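Please look over the sequence and the model before turning to the points below.

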Amino acid sequence: MITLYQFSSSPFTEKVSRILSFKGLDYKVEEINRLKVKQYNDVSPFGKFPAVDIDGRKICDSTDIAYALDEIFPAKKLIPVDDLLKANMHIIEDWADESLYFYEMTMRISWVHNAKDTLKKVKSTLPKLPDWMLLKLIVKKSRDIIKIQGLGRKKSEQIIDDARRHLQALNAILSKSDFLIGSHISLADIAVISQLNCLLDAVEIQEMMDEFSAIIRWISRVNEIAPYRKNNTHC
Ligand SMILES: N[C@@H](CCC(=O)N[C@@H](CS)C(=O)NCC(=O)O)C(=O)O
């Protein structure tokens, strides 16, 4: 039995959900109340989610979860066996998790005009407060984080240019190849699409997507093989 402990609004939840669906695994979802994170210390001692319980084995961090799932359920692997492919996969996965993540946080959550729409999607993971208060809360929290991280100190035009450069790089790879690493889907594709899907909530990203036809075709390809099932079994 697999339980996924999640904040449904998180790109890392989407990443784990896509891995589970790619592998054809059934699982139960437990949505975490952000005010009660401490109650889940046994599954996530760092208080970050997603985390999973696989037959009593508790794992947090989407990367560790991915490696564990490949080890326990090796029939359909997402981590290449070849050392060079695995190294390239690791670098792209880490770039998605540690760089693209802050672009989605900045553009989709800290920019108020996008955050208003994002709020509708993320409300279920937040305390029950009036919308105006929630909006203020998510914008402030994300701004505090990205200010320390650095992106929050850049002008919005610079951030949009950075994001466009990231998408140009992806599009260049995907113009030559069906997947980001080699000829098969890997954890790199799943990590990137999960961040990109959140980035797509930002109107500035939506507006530039017609420049990136190879990315659009790749999104359909990955969605087919490793779909994001937003609400699995809620308990
Ligand atoms: N490296 C972690 C990142 C997970 C992460 O940052 N999750 C965020 C939600 S998007 C979280 O739990 N934030 C709560 C907090 O930082 O207190 C992973 O890959 O799972």
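Which residues in helix 1 meet which residues in helix 7? In this predicted model, Pro11, Phe12, Glu14, Lys15, Arg18 and Ile19 in helix 1 meet Leu187, Ile190, Ala191, Ile193, Ser194, Gln195, Asn197 and Cys198 in helix 7. The residues of this contact of helix 1 with helix 7 comprise eight nonpolar, three polar and three charged.

**Helix 1 and helix 7**

- Helix 1 covers residues 11-22 and helix 7 covers residues 187-199; their axes lie 8 Å apart, and the two helices pack at an angle of about 140 degrees.
- That angle makes helix 1 oblique to helix 7.
- The crossing of helix 1 and helix 7 is right-handed.

**Helix 4 and helix 5**

- The axes of helix 4 and helix 5 cross at roughly 115 degrees and come within 10 Å.
- That angle makes helix 4 roughly perpendicular to helix 5.
- The crossing of helix 4 and helix 5 is right-handed.
- Helix 4 contributes Val112, Ala115, Lys116, Leu119 and Val122 to the contact, and helix 5 contributes Asp131, Leu134, Leu135, Ile138, Val139 and Arg143.
- By class, the residues of the contact of helix 4 with helix 5 are eight nonpolar, no polar and three charged.

**The largest pocket**

- The largest pocket holds about 1,100 Å³ of space.
- It is lined by 35 residues, of which Phe7, Arg34, Lys48, Tyr101 and Lys141 are the closest to its centre.
- At least two residues of the lining come from each of helix 1, helix 2 (62-72), helix 3 (83-110), helix 4 (112-122) and helix 5 (131-149).
- Helix 3 gives the most to this lining, with nine residues.
- The lining has 18 nonpolar, eight polar and nine charged residues.

**Backbone features in loops**

- Most peptide bonds are trans, and most residues other than glycine have a negative phi.
- The peptide bond from Phe49 to Pro50 is cis, with omega near 20 degrees.
- Pro50 is placed in the loop between strand 2 (28-31) and strand 3 (51-54).
- Asp55, a residue other than glycine, has a positive phi, near 45 degrees.
- Asp55 is placed in the loop between strand 3 and strand 4 (57-60).

Terms used:
Residues are numbered from 1 along each chain as its sequence is written. This is a predicted model: local features need pLDDT of at least 70, side-chain atom pairs count only at pLDDT 80 or more; totals for chains, interfaces and linings use all residues. Side-chain values use heavy atoms; hydrogens and water are left out. Axes are lines fitted to C-alpha atoms, for helices over the stretch in contact, and angles run from 0 to 180 degrees between N-to-C directions. Helices (H or I, at least four residues) and strands (E, at least two) are DSSP runs, numbered from the N terminus. Angles under 35 degrees count as roughly parallel, over 145 as roughly antiparallel, 65 to 115 as roughly perpendicular and the rest as oblique. A crossing is left-handed if the near helix is turned anticlockwise from the far one by less than a right angle, and right-handed if clockwise. Contact means heavy atoms within 4.5 Å. Ala, Val, Leu, Ile, Met, Phe, Trp, Tyr, Cys and Pro count as nonpolar, Asp, Glu, Lys and Arg as charged, and the others, Gly among them, as polar. On a 1 Å grid over the protein atoms alone, a cavity is a set of points where a 1.4 Å probe fits but cannot get out, and a pocket is an open set with protein on both sides within 12 Å along at least five of seven lines; lining residues have an atom within 4 Å of a point. Grid points are joined across faces, edges and corners, and a volume is the space filled by probe spheres set on the points.
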